[in-house]
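Keep the structure open while reading.

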Amino acid sequence: MKLSRQFTVFGSAIFCVVIFSLYLMLDRGHLDYPRNPRREGSFPQGQLSMLQEKIDHLERLLAENNEIISNIRDSVINLSESVEDGPKSSQSNFSQGAGSRLLPSQLSLSVDTADCLFASQSGSHNSDVQMLDVYSLISFDNPDGGVWKQGFDITYESNEWDTEPLQVFVVPHSHNDPGVKPRSGWAIDPFGHSPTMAYLLNRAELSHMLIQRVHYAVKKHFAQHKTLEFFWRQNWDLGSVTDILCHMMPFYSYDIPHTCGPDPKICCQFDFKRLPGGRFGCPWGVPPETIHPGNVQSRAQMLLDQYRKKSKLFRTKVLLAPLGDDFRYCEYTEWDLQFKNYQQLFDYMNSQSKFKVKIQFGTLSDFFDALDKADETQRDKGQSMFPVLSGDFFTYADRDDHYWSGYFTSRPFYKRMDRIMESHLRAAEILYYFALRQAHKYKINKFLSSSLYTALTEARRNLGLFQHHDAITGTAKDWVVVDYGTRLFHSLMVLEKIIGTSAFFLILKDKLTYDSYSSDTFLEMDLKQKSQDSLPQKNIIRLSAEPRYLVVYNPLEQDRISVVSVYVSSSTVQVFSASGKPVEVQVSAVWDTANTISETAYEISFRAHIPPLGLKVYKILESASSNSHLADYVLYNNKVEDRGIFTIKNMINTEEGITLENSFVLLRFDQTGLMKQMMTKEDGKHHEVSVQFSWYGTTIKRDKSGAYLFLPDGNAKPYVYTTPPFVRVTHGRIYSEVTCFFDHVTHRVRLYHIQGIEGQSVEVSNIVDIRKVYNREIAMKISSDIKSQNRFYTDLNGYQIQPRMTLSKLPLQANVYPMTTMAYIQDAKHRLTLLSAQSLGVSSLNSGQIEVIMDRRLMQDDNRGLEQGVQDNKITANLFRILLEKRSAVNTEEEKNSVSYPSLLSHITSSFMNHPVFPMTNKFSSPTLDLQGEFSPLQSSLPCDIHLVNLRTIQSKVGSGHSNEAALILHRKGFDCRFSSKGTGLFCSTTQGKMLVQKLFNKFIVESLTLSSLSLMHSPPGTQNISEINLSPMEISTHLIR
């Protein structure tokens, strides 16, 4: 009875959708064309052309309607199967009664109202120091401070330590020293600091941290207010659970001349590696003296004076005095020189009661332990003596107008390669874990004894190595960059093998036959990169009448409909699902050059529906009865002679205008092929969203832009071209696009015809080549009619959003910030988001604008240690998405908040872009090869706001092989509910962060799941097996799974 009632409901739903869709088609047929008679500028006037356009338009709408109906039918089948399976699988996957799947006919995401409260109320209102306010307070006038050039004169009274002696910890260091089980973070050389790092250290069970590279004016401000030691709290934290005690070094550098006190001329005299006769001297002209009984008193008093002055910048009588620099303590002679001379100074100071000082060598943790003890009395009274700070420390300047915003973009080729490597590593980790579990189950020794885990570990380490502050930043020497690139490239090839091998084993119908297959039959990726400095190219799949397997892997935790595009050898192609159902296919030209069509390759594109973290199998073959749809082309300012099988129109000019549209948006382009307007179909509103390119030069002053610094010669200059660019417009069933060819950029804007995530935003791809320019940087600017004033928003590490203010009192380069995955501007009605698949520098120099710097070629060093310019530019691919969203119920006072959140749609769009599907095919066709139709490891999609960061197999405690444990790392994202969530095509809901452990996986039973620290080095007290995962918004948690 229950089943019958459900089918009645769903039958009614299907009927309603069909009627409504037909109404829409008729309605659009009447209304669209009078307003836009020359749609997409692709046909001349005349009634026949108009009729053909209307037919094409109706066909496209019918295709979209068929997709909706097909999805509903699939969901009804899934539902009926789950009902037939009985109570076990009909129960909700998650607690709180939330359904595990949403039907596509439900136009809106199912968001628990309780999940909306977090974003509406969060924000660290109880911070003593908010960095946005600090930037408003500081004048940034940079007066000469005397011996401490960037500070002020420090004085003290001799009796200030009578009741409590000064306690000094001298900490030798060599730039960055390893720890076995660290308790304190040490970050003296990253160029600016993010609160995300503070959060990660806190969740890794570290209790303290130290930072150094902070804007000199901020350091001075903090020194004046004695806020150089503070509890760093996340902007979104409503309580104090994220607090970590942070020490900010007060002076210019972390070297010895700038760490004992405010006067570098004196401090340098206590770096005993610089004694006369050595390789290094003191730039201030006064060398160190070897300590002996005859001078120990005067030298001790001189050094103590610096320690006392430095201590006046802090709230306690506990002082840190680092003693080191890059590449120090490499030889035992330096150890001896520093130790023997300092020990004499310590012994003398400690023996003089009038000095009121206790001084010793120590570790960073020794210092922080003493600092905690000094604060103990205050804490017992319920309040620490240290303030609470929220915000970040970008953009860094070490002197004058020398802002380190250049490295946000430097070597963008490798920044993109890093993101691709991250995606591959995560995909390989997850697939390998599932394959390993299956191999244990079926006792497949060939897989268990393979070297895949060792290779996976090495790839993980190579990616970790590239996170160094002179690697991912693009600030290493050319030959070091090649070494980094080679390591990433080799690891990418290894990861492709692991993904292919694991996927093959998981999708193989009879696991026991795995041993009989050679590695040649394993799956391989459709993309191949030939060298560490080249862009990947698509492989051409050779077709015949015999079907080839095409396996598609979805690395995301969400059920997904995505467009898959591969190159094949024939245009007469058919694609079938594993069950034999034909799949709609678009056949597009493969362009050998801008206007030359390949005669040996064709691109096919189709919509694939893939389960979360799962594999879906398709069959692809050459067939004379192919019913695929050929893309049509319109060319401007150039022409193609040999058109082959494609319909191509050569147009003289673009006066008629160019448009692209899908069911969500309509885009208008100018005569150069650049987007200028976006119309949202939901409300019919037209919005200015225009794209332009521009150049920055470098200043004529002595100090110029380099790998680290951005020192422009004023505002950006428009990108000028002498002849109109060649513009190529593609119209297809699966996607349509406009590509324009400039001398330094090939710019492509694409719309997907898909009822889901990928259809709602605009894909922007730029192939940038500035290998022949001189001291220039190329930028893409998006201008809109959004009234954002001087506020904009950038992400930090892809983890959280930081509000920004463009300040006129700062130079242009100071208003450039790092963008890892997104930046947005907004007003009371709309938000415009630029989502990025690579880290770059971004700004919003005028209201309604987002500008991103895509590449930079600089001929000189900027005197920060690299000793070279940036001239090793590559042909670089940049990938973005532009998302325009309507806001609702916005209080303008909220715009002043210190915290902001992306919408759920924005989060998932970013995930789709950064974790694309992996199409794979078997290298050689095998008549005996038998694959399953799909592999679906999860019982259903995870909640929409929970991201699986990784599922990583843990190394065995003995040897370098794998254990039977893994790290399950989850992140619950904070999101703003006040955006439309219609037509997302997602099959997930939100569940207040709760998931039942035994309802997670399909293919195996979870024996145990226990909480761990983020680093897996600590377990909470009283750790025990848990049956329900419970995540608070924004939190990242690690669980040990067995």
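Asp-144 and Lys-149 are both exposed. Their side chains meet in a salt bridge, at 3.3 Å from N to O. The model is a predicted one.

**Salt bridges**

The whole structure holds 42 salt bridges. Three of them are listed here.

| Pair | N to O distance |
|---|---|
| Asp-144 and Lys-149 | 3.3 Å |
| Asp-526 and Lys-538 | 2.9 Å |
| Arg-978 and Asp-976 | 3.1 Å |

What does the pair Asp-526 and Lys-538 tie together? Asp-526 sits in the loop between strand S12 (523–525) and strand S13 (527–528), while Lys-538 belongs to strand S14 (residues 537–538), so the pair links parts 12 residues apart in sequence. Asp-526 has a relative accessible area of 9%; that is under 20%, so the residue counts as buried. Lys-538, at 28%, is partly exposed.

Arg-978 is partly exposed, with 22% relative accessibility. Asp-976 is buried, at 9%. Elsewhere, salt bridges with shared partners join Asp-271, Lys-273, Arg-274, Arg-328 and Glu-334 into one network.

**Helix H10**

Glu-334 is also one of the buried residues of H10. Others among them are Gln-338, Asn-341, Tyr-342 and Phe-346. The helix covers residues 332–351, 20 residues in total. At 1.5 Å a residue it should span 28 Å, and its end C-alpha atoms are 28 Å apart, so the two values agree.

Which elements do the buried residues of H10 pack against? They are strand S2 (166–173), helix H9 (296–311), strand S7 (318–324) and strand S8 (357–361).

H9 meets H10 at an angle of about 85°, and the axes are 10 Å apart. That angle makes the two helices roughly perpendicular. On the H9 side, the contact uses Val-296, Gln-297, Arg-299, Ala-300, Leu-303, Leu-304 and Tyr-307. H10 supplies Tyr-342, Gln-344, Leu-345, Tyr-348 and Met-349. By type, the contact residues comprise 9 nonpolar, 2 polar and 1 charged.

**Helix H7**

H7 (residues 216–224) is mostly covered, with 8 of its 9 residues buried. After H7 comes Lys-226, with a positive phi near 50°.

Terms used: Residues numbered from 1 in each chain as written. Predicted model: local features only at pLDDT ≥ 70, side-chain atom pairs only at ≥ 80, totals over all residues. Heavy atoms only, no water. Helix = DSSP H or I, 4+ residues; strand = E, 2+ residues; numbered from the N terminus. Expected span 1.5 Å × (residues − 1). Buried < 20%, exposed > 50% of the residue type's maximum accessible area, 1.4 Å probe, protein only. Contact = heavy atoms within 4.5 Å. Axes fitted to C-alpha atoms, helices over the stretch in contact; angles between N-to-C directions. Parallel < 35°, antiparallel > 145°, perpendicular 65-115°, else oblique. Nonpolar A, V, L, I, M, F, W, Y, C, P; charged D, E, K, R; others polar. Salt bridge = Lys/Arg side-chain N within 4 Å of Asp/Glu carboxyl O.
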